[in-house]
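Hello,

Here is the structure we talked about handing over. Please look through it first; my notes follow below.

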Amino acid sequence: MKLKQSRLGMKLAEFLELPLDTVIDLPKMIISGNQQLVIENHRGVIEYESSVIRVGTKLGELKITGAGLTLVSVYKEELTVTGKIERVEMVDWR
Amino acid sequence: MWFNRIISFFTGYVEIVARGAQLEKLINLLTGSGLFLWDIKKIAPEVITAKLRNHGFLMIRPFVRKSGTMVKIYRKRGWPCLRRKIIKRKMFWFGAVLTVGTLLYLSTLTLFIKVDGFSGAEREQLIQTLKRAGLKPGTPTKELFREKRRIERDAIIKTPEAVWLGINFKGVVAEVKVVKRKNPPPPSSGCDLIAERDGLITKVAVIRGRAVVKEGDVVARGDLLISGRLSRIDPETGTVVVENIPASGIVEARVWHDLEVIQPKEVWRAHFLNKQNVVYSIRWGNRTRRIWGNVNRLEGERVWERYRKRIFYGRNPDRVVEFIKDVWQAVRWRKTTLSLDEVKWEALREAKAKQIFLKGLVNGIPNQTWIDEGDFIKLIMTFEMTQDIAMLAPTERRINDRSDTGEKN
């Protein structure tokens, strides 16, 4: 049912040319160089180490690898990671 | 994010240390409940530090229990904590008040003088001149602001290299802008130096040309002082060659300047009746608002005087705030014949006001001459000054003038 709703929402957003992250809560990532990563619409922190951070999203898991990673701020909807980001992987995304 | 941090500083926050296997669960539970966590750092395996607002910390107990972690306050931060710490420190407050007081006091002074337009020795000389005129570091700006025009005038008189000088006060800096005098290039054709006015020569210094006058000579306006016509014998041909060169030099002379004041013997004077009307008002920029008193209370002949008290000196002199006291007094005008002493005193007072422009230029005490002209008394004050009276005049024109009048110089 949920899948159907999201597909319908996606089609509607495409038809109306609305941003997907606002209509169907798709995760939005903003990377500033290799220093900062802002993730919007996350579903919580799965793992937190100074070299790896795994964040849950609606579509799957986001794995951030690097050195000296810090969670600078964590809100319900937004999460900011700083440090030396080396790799951002989308694990098991639908 | 910075906004949140500033708010957190004022509301107060704590630095917590959390230990346990499910630290991520704790983070998710706290953020899921709407709490704001920041600066989360992993300092050891299963140990993190994070920052949390004071009111948030009071709500975390169920989440800590649910996640099976242990949370401790590492440090209390923010304004409420800082206030508690410093409120008992008397010396700190004394120092703070002293520092703020000193800063406030220093901000009322002019501490630096910035000269724009002059450089090198000229700049140093101008700074010395300004210092003598009253503009020196450490002087209250308010005082300098009142004396601004006088300082500008004194400095421009004593700085012949400048053609214009203006002072602008910006905070603790007095910006002095000077426009340097640009002397015209020396004339290429022949020129003489002639007397600009009558005088008694005290000093002759020739740079180019031939001196025609010497010290002690009395000259009239237009007399030749330094000639630009030089004659020499050509060694090859043996003939006399006349050269016209631009004469240059300084010819100082004692000159006299007359200041005339005419004072009537009969004047109209106001005799004050015991009726006066006082109106108080406040002016703020261009707006004036009456506070107390009625303007149209007095009728008939009256004189008006205005007293001002500035209560706020802004940087813009047009935007000041001041109290104004207007006094209207009922008077009766009467024609009064003044005594001779009174007339003389009035004339001297007027002459004194006029001679302020000659301050610093006059030698000795001026000579006074009183002339009775019926209804008026005329005072002629003769000031003696020493000045350079040399003035450029083209040689060719002077030769033509001499040939027309038959003058031989």
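**Helix 7 of chain B**

Helix 7 of chain B (residues 120–133) has 14 residues and reaches 20 Å from its first C-alpha to its last. That is close to the 20 Å expected at 1.5 Å a residue (the expected span is 1.5 Å times one less than the number of residues). Helices here are DSSP runs of H or I with at least four residues, strands are runs of E with at least two, and both are numbered from the N terminus.

A word on conventions. This is a predicted model, in which local features need pLDDT of at least 70 and side-chain atom pairs count only at pLDDT 80 or more, while totals for chains, interfaces and linings use all residues. Residues are numbered from 1 along each chain as its sequence is written, chains are lettered from A and ligands numbered from 1 in the order in which they are written, and side-chain values use heavy atoms, with hydrogens and water left out.

Back to helix 7 of chain B. B:Leu126, B:Ile127, B:Thr129, B:Leu130 and B:Ala133 are buried there (buried is under 20% relative accessible area, exposed over 50%, partly exposed in between, with a 1.4 Å probe and protein chains only).

B:Gln128 counts as partly exposed, at 39% relative accessibility. From B:Gln128 to B:Ala155 is 27 residues in sequence and 9.7 Å in space, C-alpha to C-alpha. B:Gly134 follows the helix, with a positive phi near 120°.

**Helices 1 and 5 of chain B**

Helix 1 (residues 2–11) and helix 5 (residues 79–86) of chain B pack at about 40°, with axes 5 Å apart. Axes are lines fitted to C-alpha atoms, for helices over the stretch in contact, and angles run from 0 to 180 degrees between N-to-C directions. The two helices are therefore oblique to each other (under 35 degrees is roughly parallel, over 145 roughly antiparallel, 65 to 115 roughly perpendicular, the rest oblique).

B:Phe9, B:Phe10 and B:Thr11 in helix 1 meet B:Trp79, B:Pro80 and B:Leu82 in helix 5. Contact means heavy atoms within 4.5 Å. In helix 5 of chain B, the buried residues are B:Pro80, B:Cys81 and B:Ile86. Their cover includes helix 1, strand 4 (70–77) and helix 6 (90–107) of chain B.

B:Asp39 has a positive phi near 50°. B:Asp39 sits in strand 2 (residues 37–44) of chain B and is buried, at 15% relative accessible area. B:Glu46 has a positive phi near 65°. B:Glu46 is in the loop between strand 2 and strand 3 (47–53) of chain B and is partly exposed, at 46%.

**The chains**

Chain A has two helices and six strands, in the order α-α-β-β-β-β-β-β from the N terminus. Of its 94 residues, 39% count as buried. Chain B has eleven helices and 24 strands. Buried residues make up 33% of its 409 residues.

Best wishes
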